[in-house]
Amino acid sequence: MSDTTKPPSDARRAFLSQLGLAATYTGAVAGLGALGVAQESSAKSESPAATESFPTPDYDWTKHQWAFGVDATKCIGCLRCVEACKRENGVAGDAHHFRTWVERYVYLEGETRARVDSHHDPVNIEASGSEGEYRFANRYKDAKVEKAFFVPKLCNHCTHPACVQVCPVGATYRTEDGVVLIDHDYCIGCRYCVQACPYGARLFNEEQGVSDKCTWCYHRITKGLQPACVEVCPVGARVFGDMNDKQSPISLFVRNNRVQVLRPESGNAPNVFYVGIDKEVV
Amino acid sequence: METLVHAAPFVGYVYPNETIIPWTVLIVVYPYLTGLVAGAFTVSSMYQVFGIQRFKPVAHLALLVSLCCMLVVPMPLLLHLGHPERALNSMITPHWTSAFAVFGYAAGFYVILLILETWFVYRSFIVQQAQEGKGPLRWFYQLLSLGSYDLSEKAMSYDRKWIFTLAVIGIPAAHGLHGYIGFVFGSLKAREWWSSDLMPLVFLFSAIISGTALLIVIYVASCRLRKVPVDLPCLKGMAYALWGFMMFTLLLEGVE
């Protein structure tokens, strides 16, 4: 670098002080803005899923057939989807209640079986510092990793759902547009459905005394929005859309890829389609 | 809320939601109680239906034990529910594909059957107490007799006919009630360790074991309390039955 391109030290000092001033102003403005946002969100105590605008008026469920796609080759394990889901749907903020979660599969050199963990693993909780924050600990940094990938999981909204079959009161049902929902005002809380799901997708909401599960953010999709987890995914590993629309992201995803589903032998006929998962993924 | 994370190193990967056991001790207590019901009823039926005379001393007691256990059977179930006040929904709007939808009807039917049979079995005792007892207890037995004081031979043979019929219906009812709990567990394909066709049978025979064992304990204790000598052939008969059924259950477990 030649001397001519270097600003004189005085000018540099002035520039830096201006920069500092500007940063202070920006910080103050941003801080005030953030305060406003924080106040707004704290004033709204219930999750968006429980707001007045749902059920959506004028929504025709015979006109859609929703489906979900997961491209495991894209997932980076950032867990923003998990966080977004928890906030959007008011899911308990601990390491044992998830409507969606991400699994990590790691094949070490010389081992024939994958090592599997998820963010609820004690090692990963220790790395994040609390049960309410989700992170994958860098636990394999000293090991020789042969192959590794992440697999996002959620309710498969099966065509023949075992959970719906076992509900003794019919509180859980499959909608016309292909979403499996629970009527929280009718569920008796027997947890038979939690036991019946082969994917571990159902959870029990101790606070309300009812079963709970992923709804594909039904309160959002009926308004034309994407599910929260799809919305926040920074790499497009999650795909959602209407199978009735041949140009929708999910239709293209299923058409242009060799997709597979989890545990097809269970006979549930899942509607979450995966790309890039291995034989060990169940 | 019990979590299973500490067991992870031994069981391999567990789905995050499955680190909480959905069915805890109450769901263990419930089939156990139903087992006692079915087991005690089996012993009673051995005398009432199959006429095995050595079980005569415990036949009535067995029926009473069965009824007492049956009355508390729904308790652990109700306590387990997230919304016990909605429990009757399963009878008002039963979802027939669920193995659990039948429970309300099956249990209700069986309770009525047990109450009827116990009443017929104890009727002569009730009438006797209603006529010879004293004070409030006498009023209680008068109420229990439902105004029927006829103890003639004709009336008693009519009673015996009813007892026999109810006991005959009761065998499939009691065993069905308990076998179906085995089915509730065994039909869950998602749970590899439960999903087995033998589950109803395993449940049934272990029920007979626990019911008979409970009856042995109560019979011996009641003999001590009443200061009556224990009827040894009856006790031995129950012990043999216990042994036989236990061997068969072990065989089932082995086959499983």
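**The sheet of chain A**

Modeller: In this predicted model, strand β2 of chain A, which spans residues 100-108, is joined to β3(A) by four bridges, and the two strands run antiparallel. Within this part of chain A, Glu103(A) is the residue that stands opposite Ser118(A) of β3(A). Strands of a sheet pair through backbone hydrogen bonds, in either a parallel or an antiparallel manner.

Widening the view, one finds that the sheet is an open one of three strands in chain A, ordered β3-β2-β4, with antiparallel pairing. Its edges are formed by β3 (115-118) and β4 (145-154) of chain A, each of which pairs on one side only. From one strand to the next, the twist averages 20 degrees. Against this sheet packs helix α2 of chain A, residues 80-89, which touches both β2 and β4 of chain A, and the direction of the helix makes about 160 degrees with that of β2(A).

For context, chain B has eleven helices and zero strands, so that its elements, read from the N terminus on, are α-α-α-α-α-α-α-α-α-α-α. Along the principal axes, the C-alpha atoms of chain B fill a box of roughly 70 × 40 × 30 Å, and of the 256 residues in chain B, 35% are buried. Among contacts in chain B between residues at least 6 apart in sequence, 69% link residues that are at least 24 apart.

Terms used
Residues numbered from 1 in each chain as written. Chains lettered and ligands numbered in written order. Predicted model: local features only at pLDDT ≥ 70, side-chain atom pairs only at ≥ 80, totals over all residues. Buried ≥ 20, exposed ≤ 12 C-beta atoms within 10 Å, placed from the backbone. Contact = placed C-beta atoms within 7 Å. Pairing = 2+ DSSP bridges. Axes fitted to C-alpha atoms, helices over the stretch in contact; angles between N-to-C directions.
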